[in-house]
Protein chains: 2
Amino acid sequence: MIRVLLVHDACLVRSVLAEWLRGEPDLRVYDTPWRGAPGHVRSVRPDVCAADLECVDTYGIPPLGELRTHGPDPVRPSLLVLAAASRPGLLKRAVEAEALGYVDKEGSPQNLVTGIRRVAEGKRFVDDSLGFGFLKAAQMPLTHRELSVLSLAAEGASIAEIAGSLHLSHGTVRNYMAAITRKTGARNRIDAIRISQGEGWL
Amino acid sequence: MIRVLLVHDACLVRSVLAEWLRGEPDLRVYDTPWRGAPGHVRSVRPDVCAADLECVDTYGIPPLGELRTHGPDPVRPSLLVLAAASRPGLLKRAVEAEALGYVDKEGSPQNLVTGIRRVAEGKRFVDDSLGFGFLKAAQMPLTHRELSVLSLAAEGASIAEIAGSLHLSHGTVRNYMAAITRKTGARNRIDAIRISQGEGWL
């Protein structure tokens, strides 16, 4: 039996997906929203975490690192993500979290079952239709520091507040904002935020 | 038999939800993403449209009006929406589109089946847990004109471009932006956009 923890924030969808997966005789399926995921990883000790990359808390950034525990008796499930080619920034985060499986939310649900079995054996599974998303993820133009500046701006922080948070001068923050606007091909700061959120970089 | 058209943009989730609904003997279920919905309404002639309020196109605003046809032989299905209390602006749009059913995505999937049967009889169905969302929808502080200004700003338009689009003077647009920032309790323009998108007003 493969022990699967399904992580998805919308209860209605998660319940139906979990019930559907339970129709497979070799899967033992548990489910949780993101905020309950770390506790479930510890108690369920899953072989596979199948996690939707959309997350309603933490500014939309899925806390993928929390799906594995550390310490004396670590739980390190294989990670499979439900992803969209239109959100390359989230794909990039999944790659950084060493996910083995990448299932396209625009594809067939059968791919989810196939992907779970594959990553449970420690093998990679990547939906072909996510190819363009990976290409865009590899071309993500902003540095980590630029992303930090832009994330604070997207939360409504002023130049002065961003400077204070990141221990930078006002002029440096302005320079970062100008670079971000240029690199994202945006018309202005608000446009840069819109583009970066749309791509799933923020 | 109740003819149901399920409208949801994520293919994987939509397929599993549709298959799950097909387990009900009195439902005949069709499904489509938002962009194919008008064509399906004409060809399927559903009794009920069960539509997720999240929409990937049209700047995230679901085109609810397109779920009914006009002209000599109109198709006017009862409308049920899958909604979240945290997006009161989208709830308000569903009310304006005269939806009969409101199912909370944070609730049990059984509510979806109950809701479909209820609205098929022309009766109202409202999940109790959406109550706070409706309260907030009723308190939405922005006028239609203010929302138009803010929507353009959120797409990255400058003050001059907004003024040109809406046939207003620059000063008037600045006054609108100031009123919007004050009314949403925001710190600045970017914060006003963030708050309004979060509430589902934009």
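This is a predicted model: local features need pLDDT of at least 70, side-chain atom pairs count only at pLDDT 80 or more; totals for chains, interfaces and linings use all residues.
**View 1. The contact between chain A and chain B.**
Each side of the contact is counted in residues: 34 come from chain A and 34 from chain B. About 2,500 Å² is buried between the two chains. Carbon and sulfur atoms give 62% of that area. On the chain A side, L12(A), V16(A) and I190(A) supply 26% of what chain A buries against chain B, more than any other three residues.

**View 2. Polar links across the interface.**
The rule finds two salt bridges between chain A and chain B. One of them joins R187(B) to E161(A), with the closest N and O atoms 3.1 Å apart. Polar contacts across the interface amount to 14 residue pairs. Which elements of chain A each supply at least two residues of the side that touches chain B? They are α1 (11-21), β5 (101-104), α6 (144-154) and α9 (189-198). Helix α1(A) gives the most, with eight residues. By class, this side of chain A holds 16 nonpolar, seven polar and 11 charged residues.

**View 3. Helix α9 of chain B and its cover.**
Helix α9(B) spans residues 189-198, and its buried residues include I190(B), D191(B), A192(B), I193(B) and S196(B). What covers them comes from both chains: it includes α6 and α9 of chain A, together with α6 (144-154) and α8 (170-183) of chain B. At the start of the helix, a side-chain oxygen of N188(B) reaches to within 3.2 Å of the backbone nitrogen of I190(B). Just after the helix, G200(B) takes a positive phi of about 75°.

**View 4. Strand β3 of chain B, covered on both faces.**
Strand β3(B) covers residues 48-52, and five of its five residues are buried. V48(B), A50(B) and D52(B) lie on one side, while C49(B) and A51(B) lie on the other. In a regular strand, side chains alternate between the two faces of the sheet. Strand β1(B), residues 2-7, runs parallel to β3(B) and is joined to it by four bridges. Within that pairing, V4(B) has V48(B) as its bridge partner. Strand β4(B), residues 78-83, also runs parallel to β3(B), through five bridges. Here A51(B) is partnered by V81(B).

**View 5. The open sheet of chain A.**
Six strands of chain A form an open sheet in the order β2-β1-β3-β4-β5-β6, with parallel pairing. Why is one side of β2 (27-32) and of β6 (125-126) left without a neighbour in the sheet? Both strands stand at the edges, each with a single partner strand, so one side of each has no neighbour there. V48(A) finds its bridge partner in S78(A).

Y102(A) lies in strand β5 of chain A. Is this residue, Y102(A), buried or exposed? Its relative accessibility is 2%, so Y102(A) counts as buried; the cut-off for buried is under 20%. Among the residues that Y102(A) touches are V81(A), L91(A), V95(A), F125(A), L130(A) and F134(A). R124(A) and D127(A) are also touched by Y102(A). The side chain of Y102(A) reaches the backbone oxygen of A99(A) at 2.8 Å. The C-alpha atoms of Y102(A) and R35(A) are separated by 22 Å, and the two residues are 67 residues apart along the chain.

Key. Residues are numbered from 1 along each chain as its sequence is written. Chains are lettered from A and ligands numbered from 1 in the order in which they are written. Side-chain values use heavy atoms; hydrogens and water are left out. Contact means heavy atoms within 4.5 Å. Buried area is the accessible area (1.4 Å probe) that two parts lose on being put together, summed over both. A salt bridge is a side-chain nitrogen of Lys or Arg within 4 Å of a carboxyl oxygen of Asp or Glu. A polar contact is a pair of N or O atoms within 3.5 Å; within protein, one must be able to donate a hydrogen and the other to accept it, and residues adjacent in sequence count only if both atoms are side-chain atoms. Ala, Val, Leu, Ile, Met, Phe, Trp, Tyr, Cys and Pro count as nonpolar, Asp, Glu, Lys and Arg as charged, and the others, Gly among them, as polar. Buried means under 20% relative accessible area, exposed over 50%, partly exposed in between (1.4 Å probe, protein chains only). Two strands pair if DSSP finds at least two bridges between them. Lists of a residue's contacts leave out its neighbours within four places in sequence.
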